[in-house]
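Here are a few notes to read alongside the model. Have it open while you go through them.

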Amino acid sequence: MADKLTISEILGQIRENWPEMDTPETAVMLSVFRLNDLVIESSSRVLAEFGLSQSAFEALVTLRAQPEPRRMTPTELYRAVLVTSGGMTKVLKQLEAEGCVRREDNPDDQRSRFVCLTRAGEVRAEEAMRAVAEDDRRLLGTSLSEQQIAQLGKVLLRTVGKLEED
């Protein structure tokens with residue numbers, strides 16, 4: 001992100017040129033947006049080592065988090081990750097071709113098939129998740145203590161939880 005203005009520079013421009021928008025809420029939201037960009041950029045580099053896109057990683061991790069036999073309908077999976085339904089179809093075809101998922105008939109609904117995580121997909125999800133988690137620790141640990149990370153996590157979870165209730 002070397003070619004982008006820093007968050008301090010952006011907030012400084014707002015403070016100087018648009019003072020009525022120089023609010024704590026503006027600083028929080030712009031910081032959240034920038035943090036998202038930084039995390040996605042960093043995790044994308046890590047995931048590239050595993051040959052995974054962010055969407056494919058989210059699908060594998062979501063399936064891995066399910067109870068055995070680690071399967072979901074495509075609609076359930078689509079609702080659990082941040083991918084369009086067309087994008088999910090593309091991701092699932094890629095993961096199936098790579099042997100990470102397989103499709104099984106759904107005995108309760110002949111119109112849909114389950115997406116099932118294979119053993120190879122489970123291993124890939126676990127290895128990629130370990131690498132991403134380590135990268136997240138490195139990224140956050142450069143500026144926050146463990147206690148601060150825990151506090152930030154609580155605040156963000158509470159905030160997102162309340163917003164999702166609305």
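1. Start with helix α7, which gives the most to the lining of the largest pocket: eleven residues. Helices here are DSSP runs of H or I with at least four residues, numbered from the N terminus. This is a predicted model, where local features need pLDDT of at least 70, side-chain atom pairs count only at pLDDT 80 or more, and totals for chains, interfaces and linings use all residues. Residues are numbered from 1 along each chain as its sequence is written, and side-chain values use heavy atoms, with hydrogens and water left out.

2. The largest pocket holds about 1,500 Å³ of space. (A pocket is an open set of points on a 1 Å grid over the protein atoms alone, where a 1.4 Å probe fits, with protein on both sides within 12 Å along at least five of seven lines; lining residues have an atom within 4 Å of a point. The volume is the space filled by probe spheres set on the points.) Its lining counts 35 residues, and Leu 35, Asn 36, Val 39, Leu 156 and Val 160 lie nearest the centre. At least two lining residues come from each of α2, α3 (54–64), α6 (119–141) and α7 (146–165).

3. Now look at Ser 42, which sits in helix α2 (residues 24–48). Is Ser 42 buried or exposed? Ser 42 counts as buried, at 1% relative accessibility. (Buried means under 20% relative accessible area, exposed over 50%, and partly exposed in between, with a 1.4 Å probe and protein chains only.) The side chains of Ser 42 and Asp 135 make a polar contact of 2.4 Å. (That is a pair of N or O atoms within 3.5 Å; within protein, one must be able to donate a hydrogen and the other to accept it, and residues adjacent in sequence count only if both atoms are side-chain atoms.)

4. On to charges: there are 15 salt bridges in the structure. (Each is a side-chain nitrogen of Lys or Arg within 4 Å of a carboxyl oxygen of Asp or Glu.) One of them pairs Glu 126 with Arg 64 (2.6 Å, N to O). Glu 126 is in helix α6 and Arg 64 in helix α3, so this pair ties together parts 62 residues apart in sequence. Glu 126 is partly exposed at 22%, and Arg 64 is partly exposed at 26%.

5. Finally, Glu 165 and Lys 162 form a salt bridge, with their closest N and O atoms 3.9 Å apart. Both Glu 165 and Lys 162 are exposed.
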